Amino acid sequence: MKILCLIRQVPDAEARVKAKNGLVDLEGATLALDGMDEYGVEQALRINTDGANTVAVALGGARFEDAIRRALAMGLERAIHVESSEHLDVVTQAKILAKIVQEEQPDLVFCGGQHADSDSQALGAALAEALNWNQITWTTALEIENSSVKATHDVDDGKEQLELELPLVITTQQGLNEPRYPTLPNIMKAKKKEIRKASLADYGVAGGKVRVVKQEIQDKQRLNKLIDGKDPTAAAEELIKLLHVEAKVI
Amino acid sequence: MFDYFKILENLKPEERDIHTMVREFVDAEIIPQVGDWWDEGTLPRNLTTKMGELGILGPTTPEEYGGSGVSSTAYGLICYELERGDSGIRSTASVQGSLVMYPIYAYGSEEQKKKYLPELAAGRMVGCFGLTESDGGSDPGAMRTRATKDGTDYVLNGSKMWITNSPIADIAVVWAKDDDGIIRGFIVPTDTRGFSAPKIKNKMSLRASVTGEIVLEDVRVPASSLLPGSKGLKSPLGCLTQARYGIAWGALGALESVLSTTLEYTKSRTTFGKPIAGRQLVQHKLVTMATQHSLGLMMAYHLGQNKDAGTMNYAQVSMAKRNNVRVALEGARMARELHGGNGITTEYPIIRHMLNLETVDTYEGTHDIHTLIVGRDLTGLNALE
């Protein structure tokens, strides 16, 4: 089976991001492969355990190379990097990526469920639309038999199980797997793997349709919610509910 | 990483990737648990296997023998990150890579290299290094352990002290004087009759690392156990140069840990209505720690560049080990002071690093011995003997 993994480079979860002249300034920030994309890379390597026929596809600036090397060091076979530092809206990105999918003819495309930097969840859906393929979003479990895919994915009120035929776009969700560390021998081997470079012009695109006017850092205010502790059981239940439903941390 | 002078930007991409991977591993798999291991005085055996699976044991060893042939700078960064977790864990990796795999690679036969190096690199086999004896580690040439030729075999007798990993090791690289009084190295499987390795108990330092003796009572090994290329004191000392190189990087990892913990602590701890980090005396200590870390890192970085270029000499290694461990120890003591009472509990990593560094300052050549090695190199006059 041939698998494409879309990957992005985003600020590390602990990176301090600042705004400069009305735009986010990533100078000096630690960047890393988006954790949601990493689930896709890991899943591809669990399907094709020797890494054969697995391709990382990245659309972004020169600094994306770190994320590409990470995906190759985890075990993907080769990479395609469409290098552009322009801001591209998701629909334009999907058009370019769809052309790569048509060139490569994979059976499966993995895409991170949500971008760690912009919080956008649209890329997988936009790509499926551009390809006119089926998609499974927020996937937490996956089983493939011949051309049939059984998947469990998150929906608003719980989980849903689906059975679909390949080809598919699958977007990832936390819990799909536990990504591996790139081992040191694989880091060294990744140096020799192919990274094919391309430009927007190669895909007939001049730029995006959305222009970023201004970005600012959001200051999160504390909610200062107090729970009445007279009934400890009820208080604990309320706390768990708030942490689960509102804060979404458990 | 605390990298005030942006040393990391000079690294090759794969060196940065190796550093990132090991840092993530230490954050996820070591730091959350090492305090408990230290308190209990244990180190899980499977940690060595995990390090082997990641390929960080003896990583400079060529690929054909199970290593990855990485640069010395990458090896230094691995030591840095492991010791940011705990000096005992870095010690385990140092012993395996620099003191067991290195002598087998440098002085061993092709058969020995093929038999042992891949197993050691994968962490399936644990090794230890028996040089120091109880009469004093600073004068290894005065060792009493003997290897007597008997037919085609050697019979080893003697004892070794302060041996990292000896109670859990599968093989020991043992140094002994032959019938001509020449120091030779032997690979001794620890299940050989007459070999025992009692554990040293009640350590208040490097508790997340197993230390023992080696007792050799008529231990008979075939001639094929001899490391054929080993001859004279320079052979074990060559191994120590490798290990000391890793320590010069590693100690700075411990210094980063105490510095970053102290920065957080002093910014949140208030006295008289103000964080103590806003006090001049506190800032002086923080700046001293940060400056010493930066100076030490520049020295370690250049040492690595020289090592890979083949221009490093042992006196440079002595200077870097001597300086970087001492500034880390002094930094840990300052951090301990700034943490007040919290600095004496293992709830914080401070006292653990401080006590560990007391050992690191002593082993692999004491601070004073390195002073005399560098002193001899500078003056041409030997104050060691």
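**View 1. Polar contacts between domain 2 and domain 3 of chain B.** In this predicted model, 3 residue pairs are in polar contact between domain 2 of chain B and domain 3 of chain B, both residues at pLDDT 80 or more. A polar contact is a pair of N or O atoms within 3.5 Å; within protein, one must be able to donate a hydrogen and the other to accept it, and residues adjacent in sequence count only if both atoms are side-chain atoms. The side of domain 2 of chain B that touches domain 3 of chain B has 7 nonpolar, 2 polar and 1 charged residues.

**View 2. The area between the two domains.** The size of an interface is often given as the accessible area lost when the parts come together. Here about 800 Å² is buried between domain 2 of chain B and domain 3 of chain B. Carbon and sulfur atoms give 74% of that area. Buried area is the accessible area (1.4 Å probe) that two parts lose on being put together, summed over both.

**View 3. B:Thr262 in its helix.** B:Thr262 sits in helix α6 (residues 234-268) of chain B. Helices are DSSP runs (H or I, at least four residues), numbered from the N terminus. Is B:Thr262 buried or exposed? B:Thr262 counts as buried because its relative accessibility is 0%; buried means under 20% relative accessible area, with a 1.4 Å probe and protein chains only. Its side chain reaches the backbone oxygen of B:Val258 at 2.5 Å.

**Notes.** Residues are numbered from 1 along each chain as its sequence is written, and chains are lettered from A in the order in which they are written. Side-chain values use heavy atoms, leaving out hydrogens and water.

Terms used
Predicted model: local features only at pLDDT ≥ 70, side-chain atom pairs only at ≥ 80, totals over all residues. Nonpolar A, V, L, I, M, F, W, Y, C, P; charged D, E, K, R; others polar. Helix = DSSP H or I, 4+ residues; strand = E, 2+ residues; numbered from the N terminus. Buried < 20%, exposed > 50% of the residue type's maximum accessible area, 1.4 Å probe, protein only.
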